[in-house]
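Please find below a note on the structure, written for a colleague who has not seen it before.

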Amino acid sequence: MKIASDASVQIPENDAFAALSYKNDTLCFEGIAIEKIAEEVGTPFYVYSQLAIEATYGRCAAAFASIKAGIFYAMKANHNQSVLRIFARNGAGVDIVSIGEALRAIAAGIPAERIIFSGAGKTADELAQAVDLGLYQINVESSNELELLNQIAISRGKKAPVAIRINPDVDAKTMSKTTTGKKGNKFGIDIDVALPVYKRAYSLPGINLVGVAVHIGSQLTSVEPFRLAYAKTVDFLKMLRSQGMSIPRLDLGGGLGIWYRDEQVEDFSAWADVVAEATQGLGVEISIAPGRALIAHAGILVSSVVHVKQGSDRRFLVLDAGMNDLARPSLYGAYHHIIPVDKPASGAPYAPVDIVGPVCESTDAFALARPMPELKDGDLVAFLSAGAYGASMSSAYNSRPLVPEVLIDNDRYAVVRPRPTVQSMIDAEPQAYWLDEDADASRLAEAV
Ligand SMILES: *Cc1c(COP(=O)(O)O)cnc(C)c1O
C-alpha cells in the first residue's frame with residue numbers, strides 16, 4: 001500500500017503547535033533547528049519550548065481569571081527544574097504526589113504555600129515532612145491517613161490544612177487506565193460514606209479541615225464528566241455546610257485532555273465555564289490541578305532511525321528511542337504523532353511501517369502500520385505532544401541512560417538535564433562488601 005500523503009506526518013494545524021515549523025525544509029522549534037540540537041546532544045532527547053509553555057499557561061490563567069481559581073500545575077506530568085521555574089515565574093503553584101516532588105518544586109522557586117500534596121499512599125515520613133514544610137494543603141484520601149496525619153501534626157504542635165478527596169462515582173469516559181473517580185478506583189473516599197470522615201476531621205485537634213477535593217481522571221476529552229462530578233461535589237459541600245462545617249476551599253483537580261490524534265477536545269475556557277457554573281454563588285476558593293494540558297504540546301521527543309528493516313510481511317523502523325524513554329504507547333496503547341525532521345517532499349509516497357524501539361520487550365512499539373515517507377538509517381523523527389508523562393515517566397531499563405532534556409527560548413537553548421554517563425550509573429551502585437574483590441585484596445594487604 002502506498003499513498004500520496006498523510007496528515008499524521010504533518011505538523012497539526014492547531015495553535016498548540018505554533019512553536020513548531022519547517023524552515024528550509026527542516027523542523028524547527030521556536031527559532032532553533034532540531035537537527036542542530038541533535039548534533040550537539042545526540043539522540044534521543046526531549047526538547048521543550050518556553051514560548052509554548054507560557055502561551056498555554058497564559059490561556060489557562062486567562063480562562064480561570066474571572067473565577068480567581070488558583071492553578072496548581074500537576075508536576076508529575078513533567079518535573080524538570082527549568083520547566084518548574086517557568087511555571088513558578090508565571091505564578092503557578094504545584095500539585096504534588098510525593099515529598100520528592102515537594103523538594104523539587106521548592107528548589108525551583110515554588111514556595112511551600114503554593115503546594116498541594118495529593119496521592120493515595122503518603123507515608124508517615126512524607127506526612128511529617130509535609131507538616132514541617134508548611135504546605136498549603138494536604139489532600140487526605142482515607143480515614144487511616146487522616147488519623148495518622150492528626151497524630152503527626154499534634155506531635156509537632158501544629159494543625160495540618162486538610163482537604164479530603166471524595167470519589168464522586170462519575171465515569172470520566174477516558175481509557176480505563178486513567179480513570180480515578182469511579183466506584184472501585186483506589187482513589188478518594190466514596191462520596192456516600194464520606195460524611196463521617198469529614199465530621200471526624202472537623203473534630204480532630206491536629207487537623208484544620210479546609211476543603212473538599214475531587215479528581216476524576218486524566219485525558220478527559222469532554223467536559224461533561226467534570227460537570228457531573230462537580231455538581232455532586234458542590235452538593236456535598238453544601239451538605240457539609242448545612243451540618244455546621246465551614247469549608248472555605250474546593251480543589252477540582254485536573255484531567256483536561258489534549259489532542260493527540262484526531263480527538264474532539266475541549267479547551268480551558270470550556271472547562272472554566274463548567275467550574276464557574278458549578279460553583280456560582282458558593283463563596284469558595286477554587287483550585288485546579290491540570291498537568292497534561294499545560295505541558296504536553298510544549299515538548300517533543302527526537303529520535304534517530306537506527307535501521308530500516310524489511311521483515312517478511314512488514315517493514316520496521318527501528319528507532320534509538322524506546323519504551324523506557326517514552327512509556328505512554330506501551331503502557332496505555334497511546335498514540336503520538338511522529339513526523340520526520342526533514343520535511344518530506346510534496347507528493348512523496350507514504351507506506352505503512354511499524355515504528356519500534358530497541359528495548360528487549362515486544363511491547364516496545366510506538367506505532368503499527370503507520371504511514372510514513374521513505375526514511376533511511378540516521379534520519380531524525382520527532383514525537384509530538386511528548387511534554388507530559390514523557391521524561392517524567394522514563395527509566396534506565398536496558399542500561400539506557402535517561403534521555404537528556406533541552407529547553408528552547410526563542411533562538412537560544414540549554415541542556416536542562418544532561419544524559420548521564422553509563423559510568424555514573426555504575427558508580428551509583430556500590431558492590432556488596434562481600435562481593436567487592438578489590439576491597440578484599442586491600443583488607444588482605446592490611447592484614448599481612
Ligand atoms: C495526575 C493528577 C492530576 C493531573 O492530571 P492531568 O490529567 O495531567 O491533568 C491532578 N490531580 C491529581 C490528584 C492527580 O493525581
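The points that follow move from the overall fold to individual residues.

1. The model is a predicted one. Its secondary structure consists of 13 helices and 21 strands.

2. Overall dimensions. The radius of gyration is 24 Å, which agrees with the value near 22 Å that a compact globule of 448 residues would have. Along the principal axes, the C-alpha atoms occupy a box of roughly 75 × 70 × 40 Å.

3. Buried residues make up 53% of the 448 in the protein. The accessible surface amounts to about 19,600 Å², and carbon and sulfur atoms contribute 52% of that area. Among contacts with a separation of 6 or more, 69% join residues 24 or more positions apart.

4. Helix α6. This helix comprises residues 143–155; at 1.5 Å a residue, its 13 residues should span 18 Å, and the 19 Å between its end C-alpha atoms agrees with that. Its buried residues are Glu 145, Leu 146, Leu 149, Asn 150, Ile 152 and Ala 153. An α-helix has 3.6 residues a turn, so residues three or four places apart point the same way. The cover over the buried residues of α6 includes the helices α5 (124–133) and α7 (195–203), together with the strands β8 (137–140), β9 (160–167) and β11 (207–213). After α6 comes Gly 157, with a positive phi near 65°.

5. Arg 419 and its surroundings. Arg 419 sits in the loop between β21 (412–417) and α12 (422–427). Its relative accessible area is 28%, so the residue is partly exposed. Leaving aside residues up to four places away in sequence, Arg 419 touches Val 41, Gly 42, Thr 43, Pro 44, Pro 401, Leu 402 and Pro 404. Val 41 is 378 residues from Arg 419 along the chain, yet their C-alpha atoms are separated by 8.3 Å.

6. A cis peptide bond. Most residues other than glycine have a negative phi, and most peptide bonds are trans. The bond from Thr 43 to Pro 44 is cis, with omega near -10°. Pro 44 belongs to the loop between α1 (34–41) and β4 (45–49).

7. Asp 25 has a positive phi near 65° and lies in the loop between β1 (20–23) and β2 (26–29). Glu 30 also has a positive phi, near 50°, and is placed in the loop between β2 and β3 (32–33). Glu 30 is buried, because its relative accessible area is 10%, and buried means under 20%.

Conventions. Residues are numbered from 1 along each chain as its sequence is written. This is a predicted model: local features need pLDDT of at least 70, side-chain atom pairs count only at pLDDT 80 or more; totals for chains, interfaces and linings use all residues. Side-chain values use heavy atoms; hydrogens and water are left out. Helices (H or I, at least four residues) and strands (E, at least two) are DSSP runs, numbered from the N terminus. The radius of gyration is taken over C-alpha atoms; the globule rule is 2.2 Å times the number of residues to the power 0.38. Buried means under 20% relative accessible area, exposed over 50%, partly exposed in between (1.4 Å probe, protein chains only). Contact means heavy atoms within 4.5 Å. Accessible areas come from the Shrake-Rupley method with a 1.4 Å probe; for residues, only the protein chains shown count as cover. The expected span of a helix is 1.5 Å times one less than its number of residues.
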